[in-house]
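I opened a notebook for this structure and went through it step by step. Here are my entries, for anyone meeting it for the first time.

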Amino acid sequence: MTSLAVDNTSMLSSRADAPIRVLVVDDEDTIRLVLAKYLRTRGFEVVTAESGDAALETLAGARFDLMLCDVRMPGLSGVEIVPSALETDPDLGIVMLSAVNDAPTATEAMSQGVLDYLTKPIELQHLYDAVQRALHKRTLLREQRRVERAIRDEVADRTRELEQEKSHLRDLTVTVVETLVTAMEARDVFHRGRSARVAELAASIAEYMGLAPEVVEDVRLAGRLHDVGNIGIRDDVLSKPAALNAEEYAHVRDHVRLGVEILSPLRHIERAVVFMGDHHERWDGTGYPHARSGESISIGGRILAAADAFVAMTSSRPYREPRTQEEAVEELRRQSGTLLDPRVYEALRVVVKRRQSLVFIDAIHG
Ligand SMILES: [Fe+2]
């Protein structure tokens, strides 16, 4: 038998100055009375209950440190009340009192959170030792739960802080990138405001395709910065009022590589940079810079390709008049399945049509 020294501090409940409260549950009057009387002489505050139902009722109305509970009782058995008792008070220590032939049941109850069990007839000293052990175990478990809770709270706090920090960094980056794009577009009258139109159309397409909100936002951002690499392209080529020769075309193509190079240190907008890097890839693999095809092109890249083409066709260029939206959609329909992802084309067609009807409604009500 393990002999535990009687330690006065361990006789105290979690309320430092209050005595330990024990609920004794047994349908046999004699056992109830003997146990209660004995435990009171050892300094415990004891309440008794004669059934499982009565025990649950008592637990609902008052807090206890420990419950000594008979296994076999009429009505709810001791084992049956364990889950409800622990739900009422997860810190309640429970020790089962079982007849010899109920021992397997009592053992099983240990897996439900019971701290110990005693086999009747119970020797009072054994009872006292078991109570002390159970209280000690309960203290350790409570402490363990407290530490786990504290760690969980700490992790949740840190995660929240990190998320806020990440979102703040992203906002800051977006502002800087927008400034860069605005500055870049300011020197080129034909590209001014174009990235904003690509961003808005690309985000609408992404939304229509049911992409997650954060992906839609990355598509929008990628639309805004898709041509940021033009900053490294010679002015005379960028604003040439005629078709480009082979050398000039190769130079212009380099804007994708340059853009990725400029923005890749910004790790918190990584996905938007990937989308941007794919905006000149084509569905059939004839694009650049990697000649990727089909779904190996990021979804954002496929959407940007369509939005960029639509905005280019409907914008004024030095050497040609803009096409109407209907003409542009019709032209892109011919590219669907070759240059463009057919699903993206379909989404663009619906989004453009929907926007036209909104403009129409505005015109009526305006
Ligand atoms: Fe581009």
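This is a predicted model: local features need pLDDT of at least 70, side-chain atom pairs count only at pLDDT 80 or more; totals for chains, interfaces and linings use all residues.

Residues are numbered from 1 along each chain as its sequence is written, and side-chain values use heavy atoms, with hydrogens and water left out.

**Entry: the pocket**

I looked up which helix gives the most to the lining of the largest pocket, and found H11, with five residues. A pocket here is an open set of points on a 1 Å grid over the protein atoms alone, with protein on both sides within 12 Å along at least five of seven lines; a cavity is a set where a 1.4 Å probe fits but cannot get out, and lining residues have an atom within 4 Å of a point. In total, 33 residues line the largest pocket, and Arg 194, His 280, Tyr 288, Asp 308 and Ala 312 lie nearest its centre. Helix H8 (235-238), helix H9 (246-263) and helix H11 (299-313) are the elements giving two or more residues to this lining. The space comes to about 1,000 Å³, a volume being the space filled by probe spheres set on the points, which are joined across faces, edges and corners.

**Entry: the cavities**

I found two cavities of 30 Å³ or more. The largest has a volume of about 100 Å³, and its lining includes Arg 194 and His 191.

I traced five strands in an open sheet, in the order E2-E1-E3-E4-E5, with parallel pairing. Two strands pair if DSSP finds at least two bridges between them. Strand E2 (45-49) and strand E5 (116-119) are the edge strands, each pairing on one side only. Further in, E3 (residues 66-70) and E4 (residues 93-98) pair over five bridges, and Met 67 has Ile 94 in E4 as its bridge partner.

**Entry: Gly 78**

Is Gly 78 buried or exposed? I found Gly 78 buried (under 20% relative accessible area; exposed is over 50%, partly exposed in between, with a 1.4 Å probe and protein chains only), at a relative accessible area of 0%. Gly 78 is in helix H3. Leaving out residues up to four places away in sequence, Gly 78 touches Cys 69, Asp 70, Val 71, Met 73 and Met 96, contact meaning heavy atoms within 4.5 Å.

Note on methods:
Helices (H or I, at least four residues) and strands (E, at least two) are DSSP runs, numbered from the N terminus.
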